[in-house]
Amino acid sequence: MQILDYLNQKKVDMVPKTPHPLLHSSYTFKSNYAFGLAVLVYGAKEQLPITTEYFSSILDSLQIDSNTQKKLEAQVHNHFDLKIQEVFRSISTKDEQYCFIADLLRLTHFGMISNVYASELVEGYMQVFNFSNTEKNFIKSFTDIGCQIYEEKQKQNSSYIDTKEDSAIRMYHYFTETGFEISSSILSYIYPDFSLDTTVKSLILEDGKLHHITSNTYIDGPVLVSNASTLLFEHASVWVNGPIKSDYGKIIIKNSDIHIINTMDDYAIFIENSPSFCIENSKIDCENHCAALFQKSGHLKIQQSIITNTSGQYAITFLGTVANINTTNFSNCGNGAIKNLSTQEFFLASCQFMDCQSIHGGAIYSNSKVSSTIYNCQFTNCHAKYIGGAVYFAQLRYGQSVIQCNFENCTPTDSVLFNNYECNEN
């Protein structure tokens with residue numbers, strides 16, 4: 001028994017431990033997701049220690065607390081009919097469904113669950129998700145290769161790995177060529193170290209459709225989104241040799257890194273005649289070639305992101321309607337971080353500004369006649385040549401305010417926060 005326990009533990013130690021791509025989902029979603037997986041684990045007649053240990057490792061990667069984990073077995077046996085409906089309602093997007101099925105398959109492989117029971121259960125889930133035969137074949141085959149390659153890497157069997165990697169790439173190409181998409185974060189979770197770099201000459205989107213970029217991509221030319229088309233960068237690392245422009249189109253950047261390797265334009269991204277522009281959990285690195293964003297219309301939403309290494313102009317110049325920027329870091333902004341010219345509302349909260357400098361308003365220059373609020377922000381090493389080391393307000397009378405902000409090593413020290421209207425009154 002001690003030998004079997006040792007071998008089982010060694011198998012658990014060998015399985016891939018990668019961040020779960022759905023880690024940042026809501027607690028309710030993750031709880032339902034965990035229950036769906038628990039049906040496989042606790043619905044079987046027997047649970048080997050290796051199965052429950054690997055199951056626990058998945059739940060830990062989702063940051064499911066121990067109390068919730070302990071309740072799962074009883075919920076499967078006592079509240080199955082109610083809870084399974086919540087699972088189906090929660091796991092609704094294709095990426096969520098692909099990841100869920102892959103976790104079931106990985107549990108079967110690494111947890112040593114009965115293949116007969118597991119295959120019937122997985123097939124049932126895929127029917128509920130309305131998977132096509134192409135989706136079924138891809139997710140099962142791709143996950144199987146990912147598991148096998150991980151094990152062969154431990155044995156350093158390079159010839160086997162090369163053959164299987166080629167097969168995985170062919171699978172992915174067939175999957176996407178037949179009209180399906182899967183994010184790079186899901187791919188790399190199913191198959192650690194899977195990499196598929198794409199190179200395109202330029203990107204001109206004018207067909208009115210939604211286009212995804214979900215892998216490492218090099219764009220050797222400009223990007224133009226127009227005619228009601230939408231470009232979604234999601235779980236991608238992108239290098240662009242040129243500007244990104246939207247004119248009567250829409251651009252969304254989520255969980256991605258955008259690197260500007262060269263451009264003759266003043267801004268990396270130019271938004272015009274668009275209802276909105278969104279950056280979430282992403283990084284824009286201008287590599288000191290240009291500023292990050294000029295938005296002429298619509299709403300702006302930036303959260304949990306990084307804007308860095310900008311030059312020439314303020315990193316963001318906003319002339320649209322409403323801007324909401326929160327939990328975002330601005331660093332090394334060579335000519336200021338934000339120039340606010342909004343027409344309805346400007347709200348900035350819980351952001352950090354480091355090493356930003358300009359002539360007036362080292363980090364922020366605001367000249368808007370509408371409500372502008374800067375709340376709970378940190379300014380460090382921000383400098384203005386003349387006045388407004390961190391923030392410069394051209395007008396106070398319309399409700400501009402700075403609340404609970406900290407300023408460290410910002411100059412000029414006598415005008416770290418400067419308001420032109422207030423100064424003219426005195």
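This dialogue discusses how to read several features of a predicted model.

Colleague: How many helices and strands does the chain have?

Modeller: The secondary structure amounts to 11 helices and 30 strands. Of the 426 residues of the chain, 50% count as buried. Among contacts between residues at least 6 apart in sequence, 57% join residues at least 24 apart.

Colleague: Let us turn to a single helix. Which residues of helix H5 are buried?

Modeller: The general idea comes before the case. An α-helix has 3.6 residues a turn, so residues three or four places apart point the same way. In helix H5, which spans residues 80–90, the buried residues are Lys83, Ile84, Val87 and Ser90. These residues lie on the same side of H5, because the arc they cover around the axis is only 125°.

Colleague: Which residues are exposed on the other side of H5?

Modeller: Asp81, Leu82 and Arg89 are exposed there.

Colleague: What covers the buried residues of H5?

Modeller: The cover includes four helices: H2 (27–43), H4 (66–78), H6 (94–111) and H7 (115–128).

Colleague: At what angle do H2 and H6 pack?

Modeller: Two packed helices are described by the angle between their axes and the distance between the axes. For H2 and H6 the angle is about 35°, and the axes are 10 Å apart. Their crossing is right-handed. On the H2 side, the contact is made by Phe29, Tyr33, Gly36, Leu37, Leu40 and Val41. H6 contributes Glu96, Cys99, Phe100, Asp103, Leu104, Leu107 and Thr108.

Colleague: How do the residues of this contact divide into nonpolar, polar and charged?

Modeller: The contact of H2 with H6 has 9 nonpolar, 2 polar and 2 charged residues.

Colleague: I would next consider a single position. Is Phe138 buried or exposed?

Modeller: Phe138 belongs to helix H8, residues 133–155. Phe138 counts as buried because its relative accessibility is 5%, and the cut-off for buried is under 20%.

Colleague: With which residues is Phe138 in contact, leaving aside its neighbours within four places in sequence?

Modeller: Beyond those neighbours, Phe138 is in contact with Thr143, Met171, Tyr172, Phe175, Ile182 and Leu187. The C-alpha atoms of Phe138 and Tyr98 are separated by 9.7 Å, although the two residues are 40 apart along the chain.

Colleague: Now to the strands. In what order do the 10 strands of the open sheet follow one another?

Modeller: Strands of a sheet pair through backbone hydrogen bonds, either parallel or antiparallel. Here the order is S2-S5-S8-S11-S14-S17-S20-S23-S27-S30, and the pairing is parallel. Strand S2 (203–205) and strand S30 (417–419) are the edge strands, each pairing on one side only. On average, neighbouring strands of this sheet are turned by 10° against each other, direction ignored.

Colleague: How many bridges join S2 to strand S5?

Modeller: S2 and S5 (residues 223–226) run parallel and are joined by 3 bridges. Within S5, Val225 stands opposite Leu205. S5 in turn pairs with S8 in the parallel sense over 4 bridges, and there Val225 stands opposite Ser246 of S8. Strand S8 (residues 244–247) pairs with strand S11 (residues 267–272), again in the parallel sense, over 4 bridges. Ile244 has Ile269 as its bridge partner in S11.

Colleague: Where is Ala394 placed?

Modeller: Ala394 is in the loop between strand S27 (391–393) and strand S28 (401–403). Ala394 is buried, with a relative accessible area of 14%.

Colleague: The backbone remains to be discussed. Which residues does a cis peptide bond join?

Modeller: Most residues other than glycine have a negative phi, and most peptide bonds are trans. In this chain a cis peptide bond joins Thr411 and Pro412, with omega at about 0°. Pro412 is in the loop between strand S29 (406–408) and S30.

Colleague: What is the phi of His235, and what is that of Gln304?

Modeller: Phi of His235 is near 55°, a positive value in a residue other than glycine. His235 lies in the loop between strand S6 (230–234) and strand S7 (237–241). For Gln304, phi is near 50°, likewise a positive value in a residue other than glycine. Gln304 is placed in the loop between strand S15 (299–303) and strand S16 (306–310). With 47% relative accessibility, Gln304 counts as partly exposed.

Notes:
Residues are numbered from 1 along each chain as its sequence is written. This is a predicted model: local features need pLDDT of at least 70, side-chain atom pairs count only at pLDDT 80 or more; totals for chains, interfaces and linings use all residues. Side-chain values use heavy atoms; hydrogens and water are left out. Buried means under 20% relative accessible area, exposed over 50%, partly exposed in between (1.4 Å probe, protein chains only). Helices (H or I, at least four residues) and strands (E, at least two) are DSSP runs, numbered from the N terminus. The arc is that of the directions from the helix axis to the C-beta atoms. Contact means heavy atoms within 4.5 Å. Axes are lines fitted to C-alpha atoms, for helices over the stretch in contact, and angles run from 0 to 180 degrees between N-to-C directions. A crossing is left-handed if the near helix is turned anticlockwise from the far one by less than a right angle, and right-handed if clockwise. Ala, Val, Leu, Ile, Met, Phe, Trp, Tyr, Cys and Pro count as nonpolar, Asp, Glu, Lys and Arg as charged, and the others, Gly among them, as polar. Two strands pair if DSSP finds at least two bridges between them.
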